[in-house]
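Please look over the sequence and the structure before reading on.

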Amino acid sequence: MRRSMKLAAVVLSGSLGIASLAACGAKSTDTSASSGSSGGSSLKVGMAYDIGGRGDQSFNDSAAKGLDDAKTQLGVSVTEAEAKTGEAEADKETRLKTLVSNGYNPVIAVGFVYQTAVEKVAKDNPNVKFAIIDSSSNTQPSNVTSLTFSEQEGSYLAGVAAALKSKAKHVGFIGGVQSELIKKFEAGYKAGVASVDPKIQVETTYLSTPPDFSGFNDPGKGKEAAQGQLDKGADVIYTAAGSSGSGAIEAIAQAGKWAIGVDADQAKQPALSKYKDHILTSMVKNVNVAVLEYIKSAKDGNPLTGIKNFDLKGNGVSLATTGGFIDDIKGKLDDATKAITSGATKVPTAPQS
């Protein structure tokens, strides 16, 4: 469940800072580690979530876990702010500026939608460190670190699993927003399916196109898209659609077919537990690992810089094994993994025609 605005027992930034965060159009919470936590710390970390925020059962929740781990393990103080569906670019800039003005450094932006805002605010605040997840640009200033992932590699394994488990030889892919990032998921998935059987049919549906990013936060639309693919005969469907994926998973489970989750191990998410017997696996993107590693580097005084990519070889992406539903194809998945990590298989980052 998303957090509503609240203060922990010990608040470092003060009520005025929290009020200004709320005023920028986002839910926020400020929590500070107790003095008994690991080493104690004056480091104040601000996190600006993408649409859906904490509680999306997917991408944002994975980032949130990294923030929680940093608070517990490193003793840092944290605050969170959440984007709103349909907000203007200026709202993102205001959110980041408010975090900076309230003394949060570093500031972590969750999602490629923040790229333009991060570049602008970072240029205006050269002494503040910023990190952005899932995006990089050759125009961003040196105080911005990109935390990226090889989503196509994990998605390739998801495609192998889908192809091996599909009885109908008909599978599906649902993307939240038709962006370059989500196309990496699609590309890897389709390549993985084709590696098993190029004759398997793959349905593809996107829920929205930029500048409309609502496809990441519309479970109803996700459910409708999944039902459409099920009606066409797909019996395994992979969703890369943020919180919209929960609606897709619901439809797939109700039809008695297989869903493949994304970003987090969705069979373990409380809100999706009722559907866990129909979640074949999830393509886990370890955003939590990247967030924790970045915050630790900042606390140690040697923050990560440039572009830090987390790939299959480095455990940046993986397939979840909850439920044991892919245990019987482990050997073939292991072979596919070795082929990728050795360089024998080059996974495309754009869908092949």
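A salt bridge, as the term is used here, is a side-chain nitrogen of Lys or Arg within 4 Å of a carboxyl oxygen of Asp or Glu. The model is a predicted one. In it, Lys-223 and Glu-250 form such a pair through their side chains, with 3.2 Å from N to O. Lys-223 has a relative accessibility of 31% and counts as partly exposed. Glu-250, at 22%, also counts as partly exposed, because the term buried is kept for values under 20%.

By this rule the model has 18 salt bridges. Another of them joins the side chains of Lys-120 and Glu-93, at 4.0 Å from N to O. Here too the partners come from distant parts of the chain: Lys-120 sits in helix α4 (residues 115-124) and Glu-93 in helix α3 (residues 89-101), 27 residues apart. Lys-120 is partly exposed, with 37% relative accessibility, whereas Glu-93 is buried, with 14%.

What is the N to O distance between the side chains of Glu-151 and Lys-285? In this salt bridge it is 3.0 Å. Glu-151 is part of helix α5 (residues 151-165) and Lys-285 is part of strand β12 (residues 279-285), so the pair ties together parts 134 residues apart in sequence. Glu-151 is buried, at 1% relative accessible area. Lys-285 is likewise buried, with a relative accessibility of 1%. This pair also belongs to a network of salt bridges that links Asp-134, Glu-151, Lys-184 and Lys-285.

The largest nonpolar core has 81 residues, and within it Ile-133 and Ile-295 have the most contacts.

Which residues does Ile-133 contact, leaving aside its neighbours within four places in sequence? Its contacts include Phe-59 and Ala-63, the run Ile-108, Ala-109, Val-110, Gly-111 and Phe-112, and also Leu-147 and Phe-149. Val-287 and Val-291 complete the list of residues in contact with Ile-133.

Conventions
Residues are numbered from 1 along each chain as its sequence is written. This is a predicted model: local features need pLDDT of at least 70, side-chain atom pairs count only at pLDDT 80 or more; totals for chains, interfaces and linings use all residues. Side-chain values use heavy atoms; hydrogens and water are left out. A nonpolar core is a set of buried Ala, Val, Leu, Ile, Met, Phe, Trp, Tyr and Cys residues joined through side-chain atoms within 4.5 Å. Buried means under 20% relative accessible area, exposed over 50%, partly exposed in between (1.4 Å probe, protein chains only). Contact means heavy atoms within 4.5 Å. Helices (H or I, at least four residues) and strands (E, at least two) are DSSP runs, numbered from the N terminus.
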